[in-house]
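Dear colleague,

Please find the structure below, for your records. My notes on it follow directly after.

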Amino acid sequence: MAQLEIHFLADRPDALPLVAGWLYTEWGRRDPGNSPEATAERLAAELSRDRLPIVVVAAYNGVVVGTAALKLHELRDRFPELRYWLGGVYVSAGARGQGIAGALVRHVEKLAVDRGIAVLHLQTERLDGGLYAQEGFEPLVQIEHRGLPVLVMAKALTPGADIASSMQSAQESAPASGAE
Ligand SMILES: CC(C)(COP(=O)(O)OP(=O)(O)OC[C@H]1O[C@@H](n2cnc3c(N)ncnc32)[C@H](O)[C@@H]1OP(=O)(O)O)[C@@H](O)C(=O)NCCC(=O)NCCS
């Protein structure tokens, strides 16, 4: 029976060039001077199961088909108070629409909980929150980033945690007009 498993990239270093290619093509090529090789070097230097960023990969019958990461700070200049982020969620084109991204999101949430992280943040170009809304993330603020509208979202992970302080600092950092 087909089986989806999620591993640390640190435990599947063979997948590093593939993951680097995805990240470069989807996001990294916007950065001047970046390359797939530079992305792979950075990923290799950061490989970890304990220290953030922690990158995971989804493998379907052993074949790596997706990735996601638990990271420190995205959009740091805008939101210095929002510490922990889910990022780099990517599923290969042929494997989409089968719940793999959802499984990656839930896995990263668990990694965060295991490390005592109370609130997780993310940014998405899906202004309705897409799969993240389905996974319980709530909108904090909409901003413009690199010329595109993006939604910043948060989810409280632990009992007693709430997103109120994230909401407050996000709205102070990026007023509702959303202009960059
Ligand atoms: C977004 C992505 C990771 C979804 O992977 P997937 O394995 O097909 O996702 P799942 O099967 O778990 O969930 C599918 C849901 O994701 C939603 N979705 C698609 N793109 C999305 C996005 N950018 N942000 C949030 N949700 C998205 C779909 O609408 C779908 O919802 P539906 O079931 O109500 O139609 C995949 O399309 C991808 O890698 N896209 C390119 C990279 C990217 O945009 N990553 C997200 C960055 S925030």
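Which residues of the largest nonpolar core touch the most other members? They are Val19, Leu86, Leu104 and Val108, out of 47 residues in that core. A nonpolar core here is a set of buried Ala, Val, Leu, Ile, Met, Phe, Trp, Tyr and Cys residues joined through C-beta atoms within 7 Å. A residue is buried if 20 or more other C-beta atoms lie within 10 Å of its own, exposed if 12 or fewer, and partly exposed in between, with C-beta atoms placed from the backbone.

Please note that this is a predicted model, in which local features need pLDDT of at least 70 and side-chain atom pairs count only at pLDDT 80 or more, while totals for chains, interfaces and linings use all residues. Residues are numbered from 1 along each chain as its sequence is written.

Two or more residues of the core come from each of helix 1 (16-26), strand 2, strand 3, strand 4, helix 3, strand 5 (119-124), strand 6 (138-145) and strand 7 (148-156). Helix 3 gives the most, with seven residues. Helices (H or I, at least four residues) and strands (E, at least two) are DSSP runs, numbered from the N terminus. Leaving aside residues up to four places away in sequence, Val108 touches Val56, Ala68, Leu70 and Leu86; contact requires C-beta atoms, placed from the backbone, within 7 Å.

Around the ligand there are 17 residues, of which Arg96, Ala101, Gly102, Gly130 and Leu131 come nearest. A residue is near a molecule if its C-beta atom, placed from the backbone, lies within 6 Å of it. Strand 4, helix 3 (100-114) and helix 4 (130-134) each supply at least two residues of this shell. The shell divides into seven nonpolar, six polar and four charged residues. Here Ala, Val, Leu, Ile, Met, Phe, Trp, Tyr, Cys and Pro count as nonpolar, Asp, Glu, Lys and Arg as charged, and the others, Gly among them, as polar.

Some backbone features also deserve mention. Most residues other than glycine have a negative phi, and most peptide bonds are trans. The peptide bond from Leu52 to Pro53 is, however, cis, with omega near 5 degrees, and Pro53 lies in the loop between helix 2 (36-46) and strand 2 (54-60). In the loop between strand 3 (63-72) and strand 4 (84-91) lies His73, whose phi is positive, near 60 degrees. Leu75, found in the loop between strand 3 and strand 4, has a positive phi of about 50 degrees.

Yours sincerely

Terms used:
Contact = placed C-beta atoms within 7 Å.
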